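Q: Please take a close look at the charged side chains of this protein, and go through their pairings and surroundings with care.

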Amino acid sequence: MTASFGSRLRTALDAYGPLCVGIDPHAALLEQWGLNQDAAGLRSFGLAVVEAAAGRVGVVKPQVAFFERFGSTGIAALEDVMAAARAAGLIVLADAKRGDIGSTMAGYASAWLEPGSPLESDAVTLSPYLGPESLRETITTAVRADKGVFVLAATSNPEAASLQTARTVDVAAAEEQTVAQRVARDVTWANGSLAFEGGLGPVGLVIGATVDREEVGLGDDVLTGTPVLAPGFGAQGAEPADLISRFGDIATQVLASESRSILRAGPTDLAATISERAARYQEVLHG
């Protein structure tokens, strides 16, 4: 029987620490690495990151957009990279940010979360802004398949702040909440229903490392048992020490996502860079 996503993630975090390595084949990075601007270049780039990450971190995060830009050949390269990562024992978090309703959302769920799909990943990022309830069937699919989802709640890009900190009234609870807090409370129902003891559920949230959690209403009480994907580390300015200052008591359930800051090391120094960066996070957590 396959272990639940939360259990697999907890094991990976305990073994390797919080660093999550992005697989982001920007055009500039492909050029820096001496690779062609085509699907073959994407494949070589992605497989090199997988090889360097395996055994050094527990999670990799392919950015789907950089593969999609080459059409079907780019998607084929993404399939190969994700399959190689999963074969290497890495947890694959597809950064696809899908969000829709009805049968369309069911199609996305099948593509990214169903076992045996060509794009099968261990987890996928989702957008809740067609209404958090629109994600219910996808979350159910994830639970059934022992997969995970990470729902955008309070992202690291400054353009999002005015929307995600806007306040709304929860009529049932008779209280005011931020939009980010409302999203969190409306999508993490699957975590509580599993009655795990100190573990992690299948529904995570995306909370930027540069975000003031109190301002957006995402205190520790809202995040019990909830995995957190935290972009904003590395090139966006957050450092490993910020893991504690930003996340405090829940730091051990955070994936600290870094991409460009690591990938700029190039293929020759990539493995050493990943090892060094992973060790810095471990030192912050464990001294």
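A: What follows is a walk through the charged side chains, beginning with the salt bridges.

This is a predicted model, in which local features need pLDDT of at least 70 and side-chain atom pairs count only at pLDDT 80 or more, while totals for chains, interfaces and linings use all residues. Residues are numbered from 1 along each chain as its sequence is written, and side-chain values use heavy atoms, with hydrogens and water left out.

A salt bridge is taken here as a side-chain nitrogen of Lys or Arg within 4 Å of a carboxyl oxygen of Asp or Glu, and by this rule the count comes to 17. One of them joins arginine 8 to aspartate 122, with the closest N and O atoms 3.2 Å apart. That pair links distant parts of the chain, 114 residues apart, since arginine 8 sits in helix H1 (residues 5-16) and aspartate 122 in the loop between helix H6 (102-113) and strand E4 (123-126); helices (H or I, at least four residues) and strands (E, at least two) are DSSP runs, numbered from the N terminus. Aspartate 122 has a relative accessible area of 5% and is therefore buried, where buried means under 20%, exposed over 50% and partly exposed in between, with a 1.4 Å probe and protein chains only.

Aspartate 146 lies in the loop between helix H7 (136-144) and strand E5 (148-154). Aspartate 146 is buried yet has no salt bridge, and the nearest side chain of opposite charge, arginine 8, is 5.7 Å away; for such charges, Lys and Arg count as positive and Asp and Glu as negative, and His and the chain ends are not counted. Leaving aside its neighbours within four places in sequence, aspartate 146 is in contact with Thr2, Ala3, Ser4, Phe5 and Arg8, contact meaning heavy atoms within 4.5 Å.

Another salt bridge is formed by arginine 98 and glutamate 68, at 2.6 Å from N to O. This pair, too, links distant parts of the chain, with arginine 98 in strand E3 (residues 91-98) and glutamate 68 in helix H4 (residues 64-68), 30 residues apart. Arginine 98 is buried, at a relative accessible area of 16%, whereas glutamate 68 is partly exposed, at 35%.

A further salt bridge brings together arginine 280 and glutamate 239, at 3.7 Å from N to O. Arginine 280 lies in helix H14 (residues 266-286) and glutamate 239 in the loop between E9 and helix H12 (242-247), so the pair ties together parts that are 41 residues apart in sequence. Arginine 280 is partly exposed, with a relative accessible area of 33%, and glutamate 239 is partly exposed, with 34%.
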